[in-house]
Every structure is written in structure tokens, then in C-alpha cells.
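Hi everyone, thanks for making time this morning. Have a look at the model on the screen, and then I'll walk you through it.

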Amino acid sequence: MNIFICKVCGHIEFNAAPGNCPVCYAPKEKFEQNDKIFIESEEKSKEAAPKHIPLIQIIRECHLIKEQKCTDVLVRIGEVLHPMEEKHYIMFIDCYLDYKYISRVMLTPDVWASGLYHLKKEGKKVTIVERCNIHGFWMAEASV
Ligand SMILES: [Fe+2]
């Protein structure tokens, strides 16, 4: 699959670069194609995988958005919980539905490496992308 990375904010787009980055609004020219970005992270630090591959949980009955149909996507980073420290932390977690960008959760060392998205739309596949300030980009997918 074609993967494009925004050089300004690190946002990833699948298939094609957007007119403007949906996160930081940088123009198309700021996107760089690198279809191997996830493979590169894994190859650089193989032992890091258990602390970086997102774990995805799908919950159909939302207890917050009771009035509407909602699919909850819960994410934690790492089967072994990723540290959240000033020098080493997860910067953001991006959520995609059928490879279309949905939303970003920005993180700081003051929260656990986790995210939650309340999806309005129905789809087939959720993709989660996370960026570690030291170990780069990692992803995981789940059926919804
Ligand atoms: Fe890391």
C-alpha cells in the first residue's frame, strides 16, 4: 500500500497524499512517500515490538454516547505497556476507518499510552497508527 507521511506533524495518509494535512494543514508538497515506514521501525528495533504494537479493543455498546449508534475503539500501546516519560513517550495515536483518517489523540508523558475513539460511521477495518519519539511509527488493525 502507498503510505505518505507529513513531514511537519508526522501524520500518515494511506493510498494518496491529501490536498492538505488533516492534522496540521500543511500542503501536499510536505508529504513524503515511504511505503516501508512501519517495516523500518520494526527492523531498527525488533525487541521493541511488544512495547509498541497497538492493542485494539472494539466495543459495540457505548456507555457515553447512548443516544446514537457508536462503535468504541479502545487502544493501548503495547502488550507490555509503553513507558510515558519525558525522554521516551508515545506522541500521538491516529485512528483510521477503512484507511480514511478519523481522529488523533495527542499524548504527553502525563497520561498512559492509550486512546479512545467513538466512531459514528460504520466500516470494515480500523487501523491504528502510533508514533514513539524514539522508536518511530507502528501500526495494528482490527475488524469492526
Ligand atoms: Fe518507544
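I'll go from the domains to their interface, then to the metal site, and end with the salt bridges.

A quick word on the ground rules. This is a predicted model, so to speak with local features needing pLDDT of at least 70 and side-chain atom pairs counting only at pLDDT 80 or more, while totals for chains, interfaces and linings use all residues. Residues are numbered from 1 along each chain as its sequence is written, and side-chain values use heavy atoms, with hydrogens and water left out.

Let's start with the domains. The assignment, with bounds from an automatic or database source, gives domain 1 as 1–35 and domain 2 as 38–143. Taken over C-alpha atoms, their centres are 18 Å apart. Counting contact as heavy atoms within 4.5 Å, domain 1 brings 13 residues and domain 2 brings 12 residues.

How much area is buried between domain 1 and domain 2? About 1,000 Å², with carbon and sulfur atoms giving 65% of it; that is accessible area (1.4 Å probe) lost on putting the two parts together, summed over both. On the domain 1 side, I12, F14 and V23 lose the most, together 43% of what that side buries.

Now the polar side of things. Three residue pairs, both at pLDDT 80 or more, are in polar contact between the domains; that means N or O atoms within 3.5 Å, where within protein one must be able to donate a hydrogen and the other to accept it, and residues adjacent in sequence count only if both atoms are side-chain atoms. Salt bridges across this interface number zero, using a side-chain nitrogen of Lys or Arg within 4 Å of a carboxyl oxygen of Asp or Glu.

On to the metal. Which residues coordinate the iron ion? They are H52 (NE2), H82 (NE2), H88 (NE2), C132 (SG) and H135 (ND1), at 2.0 to 2.4 Å. Donors here are N, O and S atoms within 2.8 Å of the metal (3.2 Å for Na, K and Ca), and water is not among the atoms, so sites may look incomplete. Along the sequence, the donor spacing reads H-x29-H-x5-H-x43-C-x2-H.

Last, the salt bridges: the rule counts four. One of them joins E32 and K7, at 3.9 Å, N to O. E32 sits in strand β3 (residues 31–33) and K7 in the loop between β1 and β2, so this pair ties together parts 25 residues apart in sequence; strands are DSSP runs (E, at least two) and helices likewise (H or I, at least four residues), numbered from the N terminus.
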